[in-house]
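Welcome! Here is a short tour for anyone meeting this protein chain for the first time. Take a moment with the sequence and the picture, then read on.

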Amino acid sequence: MGFNSQNVLAICSVALILINCVPLASSVADDSGFLKAHNDIRAEHGLPPLHWNETIAEFAQNYANERAADCAMEHSMGPYAENIASGLDMTGEAATKYWCTEKDEYDYNSNKCTGPEEDGCRHYTQVVTRDTTQLGCARAKCKNGDMFVTCNYDPSSDWDKQPY
């Protein structure tokens, strides 16, 4: 069957419908740099890479969708360790780098956070905890225009353990 102008027009129409139906929320591992950003930081410390887990990503997406109404910085209290963030056009890469700004608040010798808050480096330590092997993240556009970002980690680790 050859293509004529009617066939091409029909194909283009279908493509436009598909593009217009893509939701603002996404749980695709590399759509926003989640997995790469995590693994780049882990590689700096000689840690094994994390693997994308669709089940965890689905959990993250469901929670991100819930938070889209208010973009409240509240944890899901789910079965996984979790990092959350929000901001205008927040990508997975940007959120991961943001969490890792806490690196300076971690004292490797004492295995404690040294910042003004007792748990002020927990986001960073979650990214680099050796025991974590699985990652699932998601984003959702909030009504206020910000992007709510969540990453969930498994196995969930005790943050007081030595990350490396």
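Predicted model: local features only at pLDDT ≥ 70, side-chain atom pairs only at ≥ 80, totals over all residues.

The mean pLDDT of the chain is 79, and 76% of its residues reach 70 or more. A search of the whole structure turns up three disulfides and four aromatic pairs. The largest nonpolar core holds 25 residues, and a second, separate core has 10.

- Helix 3, which covers residues 54–67, has the highest mean pLDDT among the elements of the chain, at 97.
- At the other end of the scale is helix 1 (residues 5–21), whose mean pLDDT of 34 is the lowest among the elements.
- Over residues 1–30, pLDDT stays under 50, and the model has 25 contacts beyond four places in sequence for this stretch.
- Residues 159–164 also stay under 50 in pLDDT, with 23 contacts beyond four places in sequence.

- A disulfide is a covalent bond between the sulfur atoms of two cysteines.
- If you number the bonded cysteines of the chain in sequence order, they pair as 1-5, 2-3 and 4-6.
- C71 and C142 form a disulfide with their sulfur atoms 2.2 Å apart. The angle about its S-S bond is 65°, and the link is right-handed.
- This pair links distant parts of the chain, 71 residues apart: C71 sits in the loop between helix 3 and strand 2, and C142 in the loop between strand 5 and strand 6.
- C71 has a relative accessible area of 8%, so this cysteine is buried. C142 is buried too, at 5% relative accessibility.
- C113 and C121 form a disulfide, with 2.0 Å between their sulfur atoms. The torsion about the S-S bond is about -85°, which makes this disulfide left-handed.
- C113 counts as buried at 15% relative accessibility, while C121 is buried at 0%.
- C137 and C151 form a disulfide, their sulfur atoms 2.1 Å apart. With a torsion of about 110° about the S-S bond, the disulfide is right-handed.
- Because C137 lies in strand 5 and C151 in strand 6, the pair ties together parts that are 14 residues apart in sequence. C137 is buried with a relative accessible area of 0%, and C151 is likewise buried at 0%.
- C100 is another buried cysteine, with a relative accessible area of 13%.

**The nonpolar cores**

- Which residues touch the most other members of the largest nonpolar core? They are W52, W99, L135, V149, C151 and Y153.
- Helix 2, strand 2 (81–87), helix 4, helix 5, strand 5 and strand 6 each supply at least two residues of this core.
- Strand 6 gives the largest share, four residues.
- W99 touches H38, N83, I84, A85, H123, Y124, V149, C151 and Y153, leaving aside residues up to four places away in sequence.
- The second core is separate, and its members include Y63, C71, I84 and A138.

- Helix 2 spans residues 34–44, and F34, L35, A37, H38, N39, I41 and R42 are buried in it.
- What covers these buried residues? The cover includes strand 1 (51–52), helix 4 (92–99), helix 5, strand 5 (134–141) and strand 6 (147–154).
- Just after helix 2, G46 takes a positive phi of about 70°.

**An aromatic pair to look for**

- Among the four aromatic pairs found in the whole structure is the one made by Y106 and Y124.
- The ring centres of Y106 and Y124 are 6.5 Å apart and their planes lie at 55°, so the pair is tilted.
- The two tyrosines link distant parts of the chain, 18 residues apart: Y106 is in strand 3 (residues 106–107) and Y124 in helix 5 (residues 122–128).
- Are these two tyrosines, Y106 and Y124, buried or exposed? Y106 is buried, and Y124 is as well.

Key. Residues numbered from 1 in each chain as written. Heavy atoms only, no water. Phe/Tyr/Trp six-rings, centres within 6.5 Å; stacked < 30°, edge-to-face > 60°. Buried < 20%, exposed > 50% of the residue type's maximum accessible area, 1.4 Å probe, protein only. Contact = heavy atoms within 4.5 Å. Core = buried A, V, L, I, M, F, W, Y, C linked by side-chain atoms within 4.5 Å. pLDDT = per-residue confidence, 0-100. Disulfide = S-S within 2.5 Å.
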